Amino acid sequence: MIEKLTQDSTHLLRDLIRIPSFSKEENQTADTIERFLQQRGIRTFRKMNNVWAYNKFFDTNKPTILLNSHHDTVKPNTGYTRNPFSPDMADGKLYGLGSNDAGGCLVSLVATFLHFYAREGLRYNFCIAATAEEEISGTNGLELVIPDLGPLDFAIVGEPTLMQLAVAERGLMVLDCTAHGKAGHAAREEGDNAIYKALKDIEWFTSYRFPKESDEFGAIKMSVTVIHAGSQHNVVPATCEFVVDIRVTDAYRNEEVLAIIREHVSCEVKPRSVRLKPSSIPKDHPVVQAGLALGRTTYGSPTTSDQALLDIPSLKLGPGDSARSHMADEFIHLDEIGEGIALYINILDRVVTG
């Protein structure tokens, strides 16, 4: 059974690699995924370039597990020596853009869904969702269809983790800050220098430590990354603008962090977004415990994924290695796909039939 699922998954992944699917341009890979499921007698749903389906014996009285990964890719970087859209196999590797991030995860989750699709008497329902725009944190991907998926109990988000258990993920919040002063001539005692005001707040961002710390990540990390001020040497600047990159841990919600910042600084603070939330799943959750029982280890992931858009417990888990994501001549080991399918099934079997 696993061998057949692995063969079908590898064929599907090769088909997906052949199709350019940059973020916002995933319509053809959505067609391919939809057709793959429909050919197996599965009813599919679609909204823009997002495709999802439910198990055959879906029961509204049971909780539902979301299996999610994305089928969009970044654009190939200039270091490629291979055709990024040619799914070549060599030395036990499958090459191609999106093979590792996150095609291997997606097809393995689809195979896992197929394994459980027609099983009766499960404690949970399954929803498989192949979604778009993950690479740009777009609003027309998973976020768009979450209201259509129905109530969800927890999720497995397919990202390359070497099949280890990413039980937490940092959130991201970018702030545009503006310190306001008053313009004046630099040769006279005029004006109120906005740079000096900004420096006080920048020092706070540099030195402040939030009271709560994450078990996985420790402290929240705040970095001032861009500064703009002044127009010419003899004019005291009226404004100083700076950007702060904040990696929020699972100890806080983004809105809590924003409120604390505004209490402590005098500058104007505007978040670009609070959508990319930190996420986590308790280590005593059945799906984590099942993974631990199978020899997996837990860790906190520093990278952002579609987990950030979920308000339910979620585990990031998948075949492949995050270090290969977005690299030239991207690849996944063929045996990683089979191992990923087997482990997904073994973990979930302990949860849904226990």
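Author: A term to start with: two strands pair if DSSP finds at least two bridges between them. Helices (H or I, at least four residues) and strands (E, at least two) are DSSP runs, numbered from the N terminus. This is a predicted model, where local features need pLDDT of at least 70, side-chain atom pairs count only at pLDDT 80 or more, and totals for chains, interfaces and linings use all residues. Residues are numbered from 1 along each chain as its sequence is written, and side-chain values use heavy atoms, leaving out hydrogens and water.

Reader: Thanks! How many bridges are there between β5 and β18?

Author: Three bridges, in the antiparallel sense, with β5 covering residues 93-95. Within that pairing, L94 stands opposite I332 of β18.

Reader: And which strands make up the open sheet, in what order?

Author: The order is β4-β5-β18, with antiparallel pairing. β4 (89-90) and β18 (331-333) are the edge strands, each pairing on one side only.

Reader: Which strands does helix α8 lie across?

Author: Helix α8 (residues 334-352) lies across β4, β5 and β18, at about 60° to β18. Axes are lines fitted to C-alpha atoms, for helices over the stretch in contact (heavy atoms within 4.5 Å). Angles run from 0 to 180 degrees between N-to-C directions.

Reader: New topic: is V265 buried or exposed?

Author: Buried, because its relative accessible area is 10%; buried means under 20%, exposed over 50%, partly exposed in between (1.4 Å probe, protein chains only).

Reader: What does V265 touch?

Author: Not counting residues up to four places away in sequence, V265 touches D201, W204 and F205.
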